Amino acid sequence: GKMGFQKTALKEGPMPKQRLLRERHTETIGRRFFIMLSLVAALGIGILALVLDRVILPSQIDLAEQRVRTLGKELLTIIPYLSNEETQELLENIQHVEPDLSYLLRNDRSCRALAHSNPHRVGMVFDDPQSIVSCRDGREVRQIYLRDENDPTSPFYREQVIDLNLPLYNKQGIHVGAVSLGLSLKSLEALQQRYRRILAWGAALCTVAFFLVAWLHLAEMRPIRQKLSESEVTYRTLFENSPNPLAFVASDGKIALINKEFEKLSGYGAEDIEGRMSWSQFFSPEDATSPAALHVSDVDLLAETPQRFECHFVGQGGTHRDVMATVGPIPFSEKTLVTLVDVTEKKALDREREALVAELSQKNEELESIVYVTSHDLRSPLINIQGFSRNMEKYCRQIAALLDGAQELPLLKTSLD
């Protein structure tokens with residue numbers, strides 16, 4: 001057909017510039033991965049902090065409260081058989097063994113402390129509403145409050161306590177008061193603060209690492225961006241000022257960008273072509289279904305075998321131009337670069353040369369024919385002349401022989417006389 005289609009496989013490896021771009025691309029991916037890892041770590045720390053506040057610490061408080069409640073029930077079974085002095089000694093011993101217990105006391109129905117883990121508070125009346133409900137009404141009461149909130153001099157000032165009031169019955173089953181146990185949350189709060197400090201330090205380190213890597217990335221990317229910007233300006237200038245028509249073709253076949261030479265060749269303006277017209281619209285009908293036309297936007301195929309082919313380019317108004325197209329992929333992009341070389345004049349010269357060669361061949365054939373006829377015409381006179389020359393030679397020999405004989409006659413006559 002009229003179209004020549006060639007494929008030239010790339011046997012060499014990637015160009016140094018492409019390899020450099022790939023290495024930098026890999027480094028950029030590594031830094032972005034580290035940044036994402038830092039963000040994920042910070043997010044994980046935040047989730048751990050949330051789990052600590054909403055799950056772990058409440059479960060620890062529940063376990064401690066359950067242990068205190070079990071202790072309170074044991075006291076309810078033991079205290080009815082003990083005197084006030086024995087109860088006082090028992091409560092003081094338990095206080096030493098259980099440091100998380102802020103206090104233990106045994107109240108009568110008037111809310112007066114008959115025994116207290118702090119001996120100095122024996123005899124004090126604790127007539128807060130919760131104690132009254134437990135001591136007088138015989139109901140279990142649980143509350144969380146700040147101990148000695150109004151006494152800044154107290155060693156227990158604003159200590160958060162879970163107060164458990166359990167009604168107390170004597171051996172006969174008569175309600176005689178209540179047993180109060182105070183579970184201090186100071187150790188759990190200290191543990192919570194410790195965990196929070198650890199998480200805060202972890203979050204701070206992740207944040208510092210994130211900003212450090214981000215800063216290093218930005219600092220290193222700044223000259224790269226500058227070089228890329230300069231490179232973009234350079235290649236844009238080369239693209240615009242190229243003597244050959246150039247076009248970027250997207251993966252969908254649409255033309256994304258053209259230079260001024262392409263505008264001149266096609267007769268269309270850039271605003272009419274870019275993003276609007278397909279590459280196949282510039283093929284002649286017989287070339288539009290060719291393998292070359294179909295693979296212009298196939299980046300994967302072109303990455304292995306760039307294409308070079310000859311086709312008829314159809315411009316505005318149906319003008320036809322013979323062009324040589326070279327198509328290759330753009331690295332790290334879904335676009336291909338199409339370079340066109342207008343070979344219309346060259347093909348016209350080739351056709352003229354072929355016509356001249358054909359004419360010269362015809363002239364040579366005619367000259368050979370003339371030479372043959374001329375040589376044939378000249379050959380007959382030469383043959384006649386050659387025959388005449390042989391006859392002349394023959395007659396000359398005969399005349400010479402006669403002359404020789406005429407000279408010998410006088411000598412013979414003399415000898416006879």
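**Close-up views of a predicted model**

View 1. Ile56 sits in helix H1. This is a predicted model. With a relative accessible area of 36%, Ile56 is partly exposed. Leu43, Ile47, Val51, Val55 and Ile56 together make a nonpolar surface patch of about 420 Å².

View 2. Glu65 and Arg69 are joined by a salt bridge, with 3.6 Å between the closest N and O atoms. Both residues belong to helix H1, which covers residues 16–78. They stand 4 residues apart, about one turn of the helix. An α-helix has 3.6 residues a turn, so residues three or four places apart point the same way. Both partners are shielded: Glu65 is buried at 10% relative accessible area, and Arg69 is buried at 17%.

**View 3. A salt bridge between Asp137 and Arg139.** The side chains of Asp137 and Arg139 meet at 3.8 Å, N to O. Asp137 is partly exposed, at 48% relative accessible area. Arg139 is also partly exposed, at 49%.

View 4. Asp342 and Arg321 form a salt bridge, 2.7 Å from N to O. Asp342 lies in strand S11 (residues 336–342) and Arg321 in strand S10 (residues 320–329), so the pair ties together parts that are 21 residues apart in sequence. Asp342 is partly exposed, with 34% relative accessibility. Arg321 is partly exposed as well, at 26%.

View 5. Across the whole structure, a search finds 11 salt bridges.

**View 6. Stacked rings of Phe239 and Phe248.** The structure has 5 aromatic pairs. In one of them, the ring centres of Phe239 and Phe248 are 5.0 Å apart and the planes meet at 20°, so the pair is stacked. Phe239 is buried, at 6% relative accessibility.

**View 7. Stacked rings of Phe282 and Phe313.** The centres of these two rings, Phe282 and Phe313, lie 5.2 Å apart with the planes at 10°, so this pair is stacked. Phe282 is in the loop between helix H6 (270–273) and helix H7 (285–288), while Phe313 is in strand S9 (residues 307–314), so the pair ties together parts that are 31 residues apart in sequence. Phe282 is buried at 2% relative accessibility. Phe313 is buried at 1%. Both rings belong to one aromatic cluster, formed by Phe262, Tyr268, Phe282 and Phe313.

**View 8. The nonpolar cores.** The largest nonpolar core holds 20 residues. Within this core, Ile255, Phe262, Trp279 and Leu340 touch the most other members. Two or more residues come from each of strand S7 (246–249), strand S8 (255–258), helix H5 (260–266), H6, S9, S10 and S11. In soluble globular proteins, nonpolar side chains tend to be buried together.

**View 9. Helix H3 and its strand neighbours.** Helix H3 spans residues 129–137, and its buried residues are Ser131, Val133, Ser134 and Cys135. These buried residues pack against four strands: S2 (101–108), S4 (141–147), S5 (159–169) and S6 (175–184). Gly138 follows H3 and has a positive phi, near 75°.

**View 10. Positive phi at Cys111.** Most residues other than glycine have a negative phi. Cys111 is not a glycine, yet its phi is positive, about 70°. Cys111 lies in the loop between S2 and strand S3 (113–116). Cys111 is buried, with a relative accessible area of 0%.

**View 11. Positive phi at Arg158.** Arg158, a residue other than glycine, has a positive phi near 55°. Arg158 occupies the loop between S4 and S5. At 41% relative accessibility, the residue Arg158 is partly exposed.

Terms used. Residues numbered from 1 in each chain as written. Predicted model: local features only at pLDDT ≥ 70, side-chain atom pairs only at ≥ 80, totals over all residues. Heavy atoms only, no water. Salt bridge = Lys/Arg side-chain N within 4 Å of Asp/Glu carboxyl O. Buried < 20%, exposed > 50% of the residue type's maximum accessible area, 1.4 Å probe, protein only. Phe/Tyr/Trp six-rings, centres within 6.5 Å; stacked < 30°, edge-to-face > 60°. Contact = heavy atoms within 4.5 Å. Patch = residues over 30% accessible without salt bridge, like charges linked within 9 Å, V, L, I, M, F, W, Y side chains within 5 Å. Areas by Shrake-Rupley, 256 points an atom, 1.4 Å probe, with all protein chains shown as cover. Core = buried A, V, L, I, M, F, W, Y, C linked by side-chain atoms within 4.5 Å.
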